[in-house]
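User: I have a model open and want to go through it with you. Can you take my questions as they come?

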Amino acid sequence: MTTGKVYLVGAGPGDPKLITIRGLEALQRSEVVVFDRLAGPQLLNHARPDAERIYVGKLPDRHTMKQEEINQLLVNLALQGKTVIRLKGGDPTVFGRVGEEADLLRQNGIDFEIVPGITSAISVPAYAGIPVTHRDYASSFSVITGHESPDKLDLSIHWDKVTNATGTLVFLMGVAKIGYISEQLVKHGRSPSTPVALVQWGTRAEQRTLVGTLEDIEAKVREANFKPPAVIIVGDVVRQRETLAWVEKKPLFGQRVLVTRARSQASELVAMLDDQGAETYEFPVIETRLPDSPEGVQAIQRALEVADSFDWVILTSVNGVDYFFRWLDREAVDIRRFHSAKFAAVGPKTAEALAHRGIRADLLPESYQAEGLLDRLNGLVKPGQKALLPRGDLARELLPKALKEHGVEAVEIDVYETALAAPRDMWLAEMLASKEIHVITFTSSSTVVNLLEALKQIGIADPVAALNGIDIVCIGPVTAKTAEQHGLRVAVMPQHATIDGMVTALVEHRRNKRGD
Ligand code: SAH
């Protein structure tokens with residue numbers, strides 16, 4: 001067996017987009033992911049679905065794995081021939097003990113790479129509007145550990161030299177020692193009025209900043225009950241925050257939004273929420289796939305054989321379009337065999353998906369639901385005509401039923417199946433319990449049903465109670481009705497049942513809640 005390889009990768013400070021491209025590539029390629037809490041859980045969505053995920057951080061019922069055990073774990077996995085990624089918060093070389101991990105790998109003849117990351121020491125201040133250098137205020141900066149006990153700190157930090165360095169001082173792991181740190185800096189010559197900022201959970205929804213001076217910061221930290229992890233910044237650069245604070249200004253800052261969608265479709269909603277400053281947390285609850293029952297497949301084949309007999313092809317979702325074309329490909333059917341058919345789309349996204357395939361929809365309704373399409377279709381589709389409805393197995397019955405009543409021969413084919421995605425997430429239960437999720441978006445009735453089911457599967461006995469206090473956002477009235485039938489209280493529903501409408505309505509809701 002050949003030995004594997006270990007990537008020692010900096011995951012950045014928390015925002016999952018602050019990983020390097022090289023780090024992301026290593027993540028996508030690895031068979032085993034070894035991670036802890038500072039390396040954001042959302043990043044794991046980029047791992048291969050079949051990758052083994054090993055958590056080496058703190059758990060309620062277990063101590064943090066010792067550094068020596070982690071070193072040995074990496075060696076053992078690589079000796080089994082695995083490609084392994086060790087994800088570390090920030091940059092792996094800044095108080096990340098990557099040297100010890102690399103050294104044991106080297107001793108065992110295992111190939112490794114160190115992939116740098118964005119360290120919290122500079123990125124967390126930047127997210128608080130505090131660039132660590134400035135032409136007038138600071139031409140250097142030092143990154144210092146605050147982790148040790150005072151006597152050890154005195155040995156490892158030369159307070160006299162550190163204090164008199166001209167630049168910015170950045171302390172990591174120092175919240176508990178803030179009193180001692182300030183005292184030493186003043187004792188060795190920094191002015192008591194020197195500005196200090198603490199930034200907790202920088203780049204994440206919980207980001208919080210506390211500003212004071214060397215003289216009063218300890219009292220302020222105590223008063224605010226300010227907890228780690230936080231970066232401490234000492235120096236005049238802190239003043240820049242007064243004008244440069246920026247993340248807090250985004251409309252959805254501080255909101256962690258659980259996006260429940262089929263994995264393949266989440267990206268657009270996630271991108272829009274991200275743009276408005278929300279932190280998104282994807283929890284795919286639905287998986288779509290090609291049906292494989294012989295009857296289902298035969299029904300599709302029969303319909304495609306008589307492609308030229310249809311007057312209409314009516315598409316009711318983006319998935320419907322995607323899977324319809326997949327079947328054409330699988331069965332080697334040329335789209336031009338539908339030459340006598342007009343194409344109808346239920347809404348703008350469905351029409352857009354068709355347009356990507358070079359088909360401009362002949363009919364696009366004003367309202368985005370089956371009812372709207374029906375009104376328009378009734379005028380255009382004539383009794384005696386034949387319509388093909390490629391759709392998912394959970395599609396609503398309204399449309400085919402109404403078409404049939406109208407005398408139309410409606411042929412329904414289930415081009416895809418919907419299934420409950422296997423929940424892989426180990427964090428969600430904990431995050432719900434500690435109210436770290438603020439908003440949940442539902443984009444179809446099945447996302448509602450499946451989320452509640454998935455929550456049960458991860459051990460939450462009463463999912464509806466677990467979601468209490470979280471703003472529930474539904475795309476439209478049908479989804480909202482399902483949510484309410486299941487006992488959820490819907491906080492936000494847009495006028496138009498679209499993704500854009502949903503995000504706009506949520507922004508509006510936040511604005512009202514904050515009262516501005
Ligand atoms: N290798 C990491 C640092 C590890 S030491 C890096 O380069 O960022 C852990 C300390 O980093 C924490 O105690 C805290 O001081 C700081 N830290 C890491 N991520 C942080 C974040 N998102 N917000 C605030 N502090 C953070």
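User: Which domains is the protein chain divided into?

Analyst: The protein chain has domain 1 (5-118), domain 2 (122-247), domain 3 (256-285 + 421-514) and domain 4 (295-420); the bounds come from an automatic or database domain assignment. Residues are numbered from 1 along each chain as its sequence is written. The model is predicted, with local features needing pLDDT of at least 70 and side-chain atom pairs pLDDT 80 or more, while totals for chains, interfaces and linings use all residues, and side-chain values use heavy atoms, without hydrogens and water.

User: How far apart are the C-alpha centres of domain 2 and domain 3?

Analyst: Those centres of domain 2 and domain 3 are 37 Å apart.

User: On to the ligand. Which residues come nearest?

Analyst: Asp91, Val94, Thr119, Ser120 and Ala230 come nearest, out of 18 residues around the ligand. A residue counts as near if one of its heavy atoms lies within 4 Å.

User: Which domains does that shell draw on?

Analyst: Domain 1 and domain 2 each give at least three residues to the shell around the ligand. Helix H4 (120-127) and strand S10 (230-234) each supply at least two; helices (H or I, at least four residues) and strands (E, at least two) are DSSP runs numbered from the N terminus.

User: Backbone next. Where is the cis peptide bond?

Analyst: It joins Pro228 and Pro229, with omega about 0 degrees. Pro229 is in the loop between helix H8 (217-224) and S10.

User: And what is phi of Trp201?

Analyst: Phi of Trp201 is near 45 degrees, a positive value in a residue other than glycine. Trp201 is in the loop between strand S8 (195-200) and strand S9 (208-213).
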